[in-house]
Every structure is written in C-alpha cells, then in structure tokens.
Amino acid sequence: MQLIKPGIHINFIEKRKIAFTFSMLMILAGIVSLIIHQGPKYGIDFAGGTVIQIKLSTAATIGDIKSGLKSIGLEKSSVQSFGERNTNEFLIHTDITDTDENYSDTLQQALKSSTGTDVEIRRIEMVGPQVGKDLQEKALFAMFYALLFITIYISGRFELKWMLSGIMAAALMAAVYFFTLFKVSIPFLIGTALILSLVLFWFLELKYAMGAIVALIHDIIITVGIFSIFDKEFSLPIIAALLTIIGYSLNDTIIVFDRIRENMRKHNKLPLDTIINKSINETLSRTLLTSGTTIIVVLALFVLGGGIIHDFAFAMLVGVVIGTYSSIYVASPILLAWQNKEKK
Amino acid sequence: MKTLSWKHIIVLLITVAAVIHIMPTVNPALWPHKKINLGLDLQGGMHLALEVDTEKAVESTVERISQELRNSLKKEHIRYTGIDRVDGNKISVQIPEDSKQSFDQILGKEFKQLRLISTVPDSGQIHITMDLPDRETIQIKKLAADQALETIRNRIDQFGVNEPDIRRQGENRILIQLPGVKETKRAKDIIGKTAILEFKLLDDTHDVNAALKGNVPPGSQILYEIKVDPATSREIKVPYLLKKGTLLTGAYLTDARVQIDSQYNEPYVSIDFDKKGARLFERITEENVKKRLAIVLDNKVYSAPVIQEKISGGSARITGNFSPEEAHDLAIVLRAGALPAPVQVIEERTVGPSLGADSIRKGLMSMIVGGILVVAFMVLYYRLSGLIADVALFMNIILIAAGLAAFQATLTLPGIAGIILTIGMAVDANVLIFERIREEMAVGRSPRAAVDTGYQRATLTILDANVTTLIAALVLFQFGTGPVKGFAVTLSLGVISSLFTSLIVTRMIFDYLLLKRKTRTLSI
C-alpha cells in the first residue's frame with residue numbers, strides 16, 4: 001500500500017507565502033487570546049491553590065456542591081463537572097492553600113449534607129504559592145535549556161560548527177545566569193535570550209539551527225495560543241507535553257533537513273528551492289506515516305485516557321499537527337531566506 | 001557455519017535479561033524481586049512537601065539562651081531590669097551602669113557565642129543588644145532541618161508505611177512520598193505535629209475569667225483544652241491560666257505507650273522519663289502536692305490533674321478523650337521526639353486508591369487500543385515488513401517495562417502516556433528505513449542491496465532525530481518532579497530501546513529472511 005506515489009511533486013515552497021500568512025494568523029490569534037485572558041491560565045502547579053476531585057454516589061447539581069462549600073467558607077471556589085458523563089465527578093478549585101488535618105473530613109461532611117449523597121474525595125492537590133513560583137521558574141528554564149541544547153546539537157551536526165555554537169550557548173547561559181542575579185522576571189529573561197540567539201544565528205549564519213529553532217518557537221507559541229483560546233490550564237504535565245512537542249517537531253525537521261543536505265551534495269547544480277521541494281516530497285510519505293501513527297495513539301489517549309490525562313493528550317495532539325506542518329512550511333523556507341540574503 | 005554473530009548474542013542476552021526483569025512484576029516471588037514501581041498517581045497515596053520554619057528554631061535557641069542568661073545573672077546576683085528576646089532573634093538586656101563589668105565577665109565566660117550589636121547608655125541604665133553570629137544561625141537552621149527530617153522519618157517508620165520516600169529538598173524543604181496510604185488525615189497529623197510536650201503549673205492565685213478579659217497576670221498565660229462533645233460533636237474550648245515557666249519537657253522521655261484504663265476502658269498514653277527526668281518529676285510533684293499540673297502538647301492543654309502525692313519511678317500518663325488511633329499516634333510522636341521547629345505543608349497531592357486504579361485501567365486501555373491500531377496499520381501498509389516492525393514494537397514495550405523494573409524507576413500516569421507516545425513514534429525509525437528500501441527497490445535494486453542501503457542511509461537520520469528527543473527528555477528529567485519525571489523516564493527508555501529494536505533487531509530479521517531463507521522478493 002502506498003499513500004504517496006513515488007515521483008510526486010507538490011510545490012511546497014511556492015505556497016510558503018500562504019503558509020506564512022496562516023502561521024502569522026494563528027500566532028496573532030493566540031496572542032490576542034492571551035491578551036484577552038491576561039496571560040496564560042496557570043493551573044495550581046504554577047499559581048498555587050487547591051484542586052479537589054470528588055465523586056458522588058448519586059447525581060447532584062453544581063449548585064448543591066457550591067452551597068456545601070459555602071457553608072465551610074469556600075464560596076469563592078469554582079466547581080466543574082469532570083470526566084465522562086454520568087460518573088458524577090466534579091473538580092473544585094480554590095485559592096486556599098491551607099489544608100490542615102481536618103480539611104478533608106470537614107469538606108466531606110459539608111458536601112454530604114448539601115448534596116444528600118455519599119461523597120468520595122478522590123484526589124486533593126494543594127500547591128503553596130511559593131512552590132508554584134518555583135515550579136514556574138523551573139518549567140521556563142527547562143524549556144529554555146532544551147531549546148539551547150538542541151540548537152547546539154543541530155549546528156554541530158549539520159554545519160560542523162560545534163565550537164561556535166558551544167561558545168554561543170555558554171555565553172547565553174552565562175547571560176541568563178547573570179540576569180537572574182538581578183531578579184528580572186523569568187519570562188522576560190527567556191524571551192530576551194531567545195531573541196538574542198536568533199540574532200546571533202543570523203549573523204553567524206547558523207541557518208539550519210535558525211530554521212529549526214524558528215519552527216520550534218512557532219510550534220510552542222501556536223500550541224500555547226490554542227490552549228489559551230480553548231481556555232485550558234497550564235500545569236506541569238502540559239509543560240512536559242510542550243517539551244515533547246519540541247522533541248517531536250525537531251525530529252520531523254531534522255529528517256527533512258537531512259534529506260536537503262543529502263540532495264545538495266547529490267545535485268549541487270540545482271537551485272535551493274528546487275532541492276528543498278524535492279526533499280520535502282521525498283520524505284513526505286514518511287512524515288505523514290509517522291505523524292499518522294503518533295496521532296492514532298495520542299487520539300486513543302485523548303479519547304480513552306480519562307480526565308486527568310485529557311489536557312495533556314490535547315496538547316500533544318495540537319503539537320503533533322503543528323509540528324508536522326512547521327517542519328514542511330516553516331523550517332525549510334527559512335533556509336531559503338539565506339539564499340536571498342546571500343544574493344543581495 | 002556462522003550462525004551466531006556477536007549481534008545475535010547481544011540481542012539474545014538483552015531479550016533474556018528483559019524477560020527476567022519483567023517476571024517479578026507478574027509474580028513478586030521471582031528473582032530479582034524488582035517490581036515496576038507505580039507512582040502515587042497510579043497506586044494512590046500521598047505526596048507532601050514540608051517547609052521547616054528554621055527561623056523559629058533560631059528564635060527558640062535565642063529564647064533558651066536568654067533564659068540561661070537570666071539564670072546566670074541571678075546566680076551571680078547581678079541586677080537587671082529586663083532580659084527579652086526582641087525582633088525574633090535578638091536579646092535585649094537592661095542593666096544598671098555599675099554592673100556592666102561583672103556582666104561583661106559573665107558574657108565572656110559563659111556566653112562567648114553572643115555577638116554584641118549595640119550598647120546604649122540611658123540615664124544610669126545600659127541597653128545592650130546582642131544576637132547570634134550568622135555562622136551560628138546558619139548552623140542552627142541546618143541542624144533544625146536535619147533533625148526535622150530525622151524525626152519525621154522516625155515517626156513515619158513507626159506509623160508503618162511500605163516504602164516511604166523521605167528526602168531533603170533545598171535548604172529547608174522535606175519531600176515525603178507515602179504510597180498506598182489511605183488514612184491521609186492521620187498521616188498528616190503525625191508528620192506535622194511539632195510535639196513539644198511541657199509540664200506547667202496552673203496559676204491558681206488569679207482568676208481565669210479576669211485573665212480572659214485581657215487581664216493576664218505577668219508570668220502567666222492562657223492555654224486551651226479542646227474537647228469534643230460526644231453528643232453534638234462540637235468542639236469545646238476550656239481555658240486554663242498557666243504559669244509560663246516550663247517545669248519539665250518531653251526531652252527527658254524514653255518511651256511512650258498506649259494503655260487502656262481498666263476503670264473507664266479508655267485508652268491513655270503512659271510515658272516514661274529517663275533518670276534525670278524522673279528526678280525532676282519527683283521533685284516537681286513533691287513540691288506541688290495538691291496543686292494542678294497541666295500537661296501541654298503544642299500549646300494545647302491535654303489534662304491538668306491535681307497532684308495527690310509525690311510521684312517517683314519516672315512515669316506519668318496523658319489522658320484525654322482519645323480514640324485508640326489518636327492515642328496510638330500520640331505515642332508515636334512522643335517517642336519519636338519533638339520537631340526542632342514547626343513545619344508547614346506547602347504542597348500536598350493526595351490520590352485515592354480507586355482513582356489510581358481507574359487511571360491504570362484507562363491508561364492500559366488507551367495503550368492497547370492505540371497499540372492495536374498502529375500494529376494493524378503497519379501490517380496493512382508494509383505487509384510482511386510491517387509485521388517485522390510490529391515485532392520490534394512489541395519488543396520495545398517489553399524493553400521499556402524491563403527498564404522500568406531494572407532501574408527501579410517509577411511508572412506514573414504521564415509515564416504511561418510516554419509509553420503510548422513511544423508506540424506511535426517507535427515505528428518512525430522503521431518507517432524511515434522502509435521508505436528508503438522502497439526508494440531503492442523503485443530504482444531496481446535487489447531486495448538484499450535495497451535493505452543494505454536502506455539501513456545504511458537511514459541510520460544517521462534516525463540517530464539525529466532521536467538524539468534531539470532524548471535531549472528534551474533529559475532536560476525534563478532534570479527539572480521534573482513526580483509524574484513528570486516519570487514521563488521523562490519512559491520517554492528516554494523508549495527512545496533508546498526503539499533505536500535498538502529498529503536498527504538491530506529488525507535488521508537481524510531481514511538478514512535471516514534474505515540470507516538464510518534466500519527470499520527473493522521482499523514484501524514491503
């Protein structure tokens with residue numbers, strides 16, 4: 001069986017303007033949504049607070065639960081139903097981070113009397129504000145260092161500029177360390193570091209690294225944007241998903257880049273855009289197959305994995321689709337930008 | 001006949017080792033007895049992060065030093081108008097100007113550790129402020145955190161939790177993992193109790209009610225006994241006016257046990273003092289017959305019996321309307337000793353066992369469904385070669401499971417997601433190889449040559465692609481905690497084992513088919 005016939009020729013490069021517009025629109029939509037929602041919606045892992053998952057023996061309304069919470073002074077909590085329908089499971093979010101030893105008993109009693117049914121407390125997660133801040137910092141640094149190490153590897157592998165990229169990475173790490181001493185806000189810090197790396201890539205002509213990292217940032221911004229549009233919460237597992245998306249998207253990009261390098265050696269007379277097009281077409285069936293199998297399993301997880309893993313699977317699903325798209329339409333056209341730069 | 005190359009031997013060894021490592025998970029009685037650890041999110045249990053209030057430890061040290069200073073001054077008959085702990089950890093002393101010299105002598109002789117901050121003369125008086133040097137406070141804080149960890153470990157050991165994980169994090173945080181704990185409230189109670197036991201006399205020369213109105217006599221304090229009305233199950237707070245001075249503390253305890261009162265059939269905790277404690281207790285009871293002695297734990301009064309006669313022998317009892325569990329837990333915290341500083345729960349994640357079981361079931365379900373779909377798809381798309389890739393996939397999962405058991409890593413729900421993701425991505429390497437082989441066959445090469453070139457060409461690409469995923473996974477492992485770390489572990493294991501299966505194992509099968517069976521055509 002074959003999805004893509006050999007010798008297929010789709011002109012991807014020609015449509016890069018359309019893709020560029022599409023990407024810009026997606027990124028803009030995400031940013032607008034982030035502005036409207038006043039930044040990413042942090043879950044308790046990052047914002048601090050308490051989440052309680054409860055299961056009732058028989059059906060009850062959210063109103064019943066809320067009145068029970070009100071009786072013990074938790075009227076500011078939000079309540080939402082959770083998981084599949086008819087399982088009578090609910091999630092309660094509160095800002096309160098003081099769960100003393102009687103907390104769960106008091107809660108159980110109050111809910112039992114307001115809903116008139118047995119209440120099982122299935123999960124309590126409480127994160128204090130300081131821990132939340134620590135986790136936020138760690139998560140951002142993780143993203144940053146993952147990007148950094150990956151770029152070193154790419155520039156080293158594809159352009160044999162290990163030294164150059166190593167020195168650059170060391171300088172960036174030093175800069176990040178230096179700035180943390182001044183207590184600059186971490187997102188700002190990492191944003192600056194990323195922009196700085198892009199500028200450096202441009203001047204040092206590390207074009208493959210540039211292509212890959214632009215695609216990665218593109219993927220992350222769009223995934224974060226979609227999360228914001230759907231008003232989903234960022235938690236630790238979502239950061240794990242984003243990092244995996246980084247790995248996955250890069251996987252795709254590298255395979256296309258590998259082919260481009262190979263084809264450049266083979267047909268050194270051909271113009272770059274033809275080579276890029278040829279390479280994307282040659283790897284197209286692999287790209288679609290792997291994305292296909294990955295989407296199949298992630299979809300299985302999304303549908304069958306249950307409530308706790310649901311948002312994680314959603315992030316992966318978005319990430320795999322965007323990652324596949326970006327390796328074709330974002331990473332490779334960046335290489336072309338160099339040719340145009342050199343011509344001038 | 002060369003049938004066994006080093007490659008065959010390695011693959012065989014790895015397969016056998018993997019199977020051996022998986023067996024204990026199925027039947028724990030089997031060697032090497034290393035089951036796959038399930039994370040708290042899968043088996044239920046409790047994760048706590050505590051912060052030790054080390055500042056408080058410094059404060060209580062300073063408090064103790066000021067008490068000693070007071071005693072020394074009394075002994076040397078030096079008058080003072082005030083010795084107080086101010087701003088948390090400073091000692092402020094007021095003495096008449098003419099005692100300055102003898103005060104300095106005592107300071108130089110017995111309190112060398114104190115650092116002088118300021119000496120201000122003020123109409124015949126001298127105000128002296130002192131504190132502990134930074135090196136000293138750092139040491140106290142460190143010690144407090146160490147001791148807290150040790151005490152908590154002791155308490156949990158006595159409470160009885162299978163495979164608890166208790167460790168320091170940073171300077172003053174303690175991470176506690178209690179798998180399978182169902183009575184989370186009790187566990188938290190035991191871990192979090194400071195358990196400072198004090199014996200104090202009742203101030204019977206003043207009126208409690210007057211004191212409650214804000215007229216607390218100097219040197220006394222109000223503490224409460226908390227009772228639960230059995231009929232209405234409402235809390236009643238009974239106030240006591242106590243003398244501030246502590247006569248005896250739990251530091252002299254050697255043992256604490258639960259006993260049953262034969263008269264009321266109620267549990268109580270009997271405590272034993274060491275020699276010095278027993279002597280102290282004997283003297284206290286002797287000097288205060290017919291007075292009430294309050295037993296105070298963490299500033300709550302437990303009981304305040306009237307001393308009937310001198311008690312020798314060094315044992316006392318703590319009564320209160322205990323349930324057997326409460327008495328048992330109280331005995332544990334008393335035996336394990338007091339925390340050097342209060343602790344605060346700053347992170348708590350509790351998962352009930354039924355939710356954990358649900359998560360496993362749903363995780364396995366999505367794994368099976370996703371797996372079957374991928375396996376079917378590969379066979380449909382690549383025919384026999386797809387089947388070979390499926391063998392690799394199957395082996396991949398076994399290797400991940402074996403890896404989890406062998407390294408005693410923890411399988412979490414995101415970890416299962418990691419395995420599922422690996423199933424999706426593991427076929428990638430084989431897809432890359434197969435697409436190359438197809439390309440080579442399309443230009444007319446023989447199956448053998450096509451397979452050779454296919455593997456050769458794809459190998460570097462596969463390595464590149466996997467190294468980057470591995471980098472992301474390692475960074476995740478570095479920063480992640482709990483479930484996220486579990487995800488990073490399975491993802492890393494998945495990447496490594498998929499490299500092995502796709503590059504070596506499938507190659508072996510192809511070689512076997514093409515060389516030994518002399519297959520002329522390749523179903524791909």
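**Patches and ring pairs, explained**

Arg448(B), Lys516(B), Lys518(B) and Arg520(B) together make up a positive surface patch. The model is a predicted one.

Reader: What makes this patch positive?

Author: Its members are Arg448(B), Lys516(B), Lys518(B) and Arg520(B), and Lys and Arg count as positive. One of them, Arg520(B), sits in the segment after α13 (482–516) of chain B.

Reader: Why is Arg520(B) called exposed?

Author: The label exposed needs over 50% relative accessible area. Arg520(B) has 68% relative accessibility, so Arg520(B) counts as exposed.

Reader: How do you know whether Phe182(A) is buried or exposed?

Author: Buried would mean under 20% relative accessible area, and exposed means over 50%. Phe182(A) stands at 56% relative accessibility and therefore counts as exposed. As for chain A as a whole, 53% of its 344 residues count as buried. Chain A has 11 helices and four strands, and its C-alpha trace spans about 80 × 55 × 30 Å along the principal axes.

Reader: Turning to the rings, how many aromatic pairs does the structure hold?

Author: Over all chains there are 23 aromatic pairs. Take Phe199(B) and Phe273(B), whose ring centres are 5.9 Å apart with planes at 65 degrees. Centres must lie within 6.5 Å for a pair, and planes over 60 degrees apart count as edge-to-face, so this pair is edge-to-face. The pair links distant parts of the chain: Phe199(B) is in strand β9 (residues 197–201) of chain B and Phe273(B) in strand β14 (residues 266–273) of chain B, 74 residues apart.

Reader: Why are Phe199(B) and Phe273(B) called buried?

Author: The cut-off for buried is under 20%. Phe199(B) has a relative accessible area of 1%, so Phe199(B) is buried; Phe273(B), with 7%, is therefore buried as well.

Reader: And what makes Tyr381(B) and Tyr382(B) an edge-to-face pair?

Author: Their ring centres are 4.9 Å apart and their planes stand at 85 degrees, so the pair is edge-to-face. Tyr381(B) is buried, with a relative accessible area of 0%, and Tyr382(B) is buried with 0% too. Both belong to one aromatic cluster, which also includes Phe377(B), Phe434(B), Tyr455(B) and Phe510(B).

Note on methods:
Residues numbered from 1 in each chain as written. Chains lettered and ligands numbered in written order. Predicted model: local features only at pLDDT ≥ 70, side-chain atom pairs only at ≥ 80, totals over all residues. Heavy atoms only, no water. Patch = residues over 30% accessible without salt bridge, like charges linked within 9 Å, V, L, I, M, F, W, Y side chains within 5 Å. Areas by Shrake-Rupley, 256 points an atom, 1.4 Å probe, with all protein chains shown as cover. Salt bridge = Lys/Arg side-chain N within 4 Å of Asp/Glu carboxyl O. Charge placed at Lys NZ, Arg CZ, Asp CG, Glu CD. Helix = DSSP H or I, 4+ residues; strand = E, 2+ residues; numbered from the N terminus. Buried < 20%, exposed > 50% of the residue type's maximum accessible area, 1.4 Å probe, protein only. Phe/Tyr/Trp six-rings, centres within 6.5 Å; stacked < 30°, edge-to-face > 60°.
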